[in-house]
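The entries follow in the order I made them.

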Amino acid sequence: MNETDRLTCKETLRQLDDYLDSELDERQMAMVRRHLKECDMCGSESAFEESVFTCIKEKIQSLPLPDGLKDRVFGRIDELRRENS
Ligand SMILES: [Zn+2]
């Protein structure tokens with residue numbers, strides 16, 4: 001890896017949602033992962049986001065809802081998370 005593969009904090013946080021959803025390609029995943037490991041600020045931000053997101057997902061998944069409705073709820077959560085980032 002060379003210097004051009006390094007992400008800034010801004011780039012990392014912008015890709016954080018996709019990273020947590022595993023929607024980035026392998027190279028981007030590795031770059032974000034490395035930045036999170038090296039940067040305290042982004043590391044704690046991602047840990048916080050991940051814990052909130054995982055908690056919501058688990059709660060919803062344990063509810064007896066029809067699949068279509070769950071998809072809509074998850075879609076809405078994604079939208080909100082993108083608006084807030
Ligand atoms: Zn950072």
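**Notebook: loop, salt bridges, metal site, surface**

I began with S22, which sits in the loop between α1 and α2. I kept in mind throughout that the model is predicted. The backbone at S22 has a positive phi of about 55°, although S22 is not a glycine. I then looked up its accessibility: S22 is exposed, with a relative accessible area of 53%.

Is L24 buried or exposed? L24 lies in the loop between α1 and α2. At 14% relative accessibility, L24 falls under the 20% limit and therefore counts as buried. I listed its contacts, leaving aside neighbours within four places in sequence, and found Q15, D18, Y19, M29 and V32. I also checked L24 against F53: the two are 29 residues apart in sequence, and their C-alpha atoms are 17 Å apart in space.

**Salt bridges**

How many salt bridges does a search of the whole structure find? The search gives eight.

I took R81 and D21 to start with; their side chains meet in a salt bridge at 3.7 Å, N to O. R81 lies in helix α4 (residues 67-84) and D21 in the loop between α1 and α2, so this pair ties together parts that are 60 residues apart in sequence. I noted that both R81 and D21 are buried.

R81 also meets the side chain of E49 in a salt bridge, at 3.6 Å, N to O. This pair links distant parts of the chain, with E49 in helix α3 and R81 in helix α4, 32 residues apart. E49 is buried, and so is R81.

Which residues are linked with these in a network of salt bridges? I found D17, D21, E49, D78 and R81 in it. I followed up D17, which lies in helix α1. D17 counts as buried, at 4% relative accessibility. From D17 to F53 I noted 36 residues in sequence and 9.7 Å in space, C-alpha to C-alpha.

I looked at one further salt bridge, between E79 and R76, where the closest N and O atoms are 2.6 Å apart. E79 and R76 are three residues apart in helix α4, and so are separated by about one helical turn. For accessibility I wrote down 43% for E79, which counts as partly exposed. R76 also counts as partly exposed, at 41%.

**Zinc site**

Which atoms coordinate the zinc ion? I found C9 (SG), H35 (NE2), C39 (SG) and C42 (SG), at 2.0 to 2.4 Å. The angles among the four donor atoms run from 101 to 115°, and the site is tetrahedral. For reference, the ideal angle for four tetrahedral donors is 109.5 degrees. In sequence, the donor residues are spaced C-x25-H-x3-C-x2-C.

C9 lies in helix α1 (residues 9-20), while C39 is in the loop between α2 (26-38) and α3 (40-61), so the pair ties together parts that are 30 residues apart in sequence. C9 counts as partly exposed, at 31% relative accessibility, whereas C39 counts as buried, at 15%.

**Helix α3**

S46 is buried, with a relative accessible area of 8%. Leaving aside neighbours within four places in sequence, I found S46 in contact with L16, L20 and L36.

F48 is exposed, with a relative accessible area of 55%. Which residues make a nonpolar surface patch with F48? I found V52 and I56, and the patch they make with F48 covers about 260 Å².

Methods: Residues numbered from 1 in each chain as written. Predicted model: local features only at pLDDT ≥ 70, side-chain atom pairs only at ≥ 80, totals over all residues. Heavy atoms only, no water. Donors = N, O, S within 2.8 Å, 3.2 Å for Na, K, Ca; no water. Tetrahedral: all angles 85-135°; square planar, octahedral: opposite > 155°, others 65-115°. Helix = DSSP H or I, 4+ residues; strand = E, 2+ residues; numbered from the N terminus. Buried < 20%, exposed > 50% of the residue type's maximum accessible area, 1.4 Å probe, protein only. Patch = residues over 30% accessible without salt bridge, like charges linked within 9 Å, V, L, I, M, F, W, Y side chains within 5 Å. Areas by Shrake-Rupley, 256 points an atom, 1.4 Å probe, with all protein chains shown as cover. Salt bridge = Lys/Arg side-chain N within 4 Å of Asp/Glu carboxyl O. Contact = heavy atoms within 4.5 Å.
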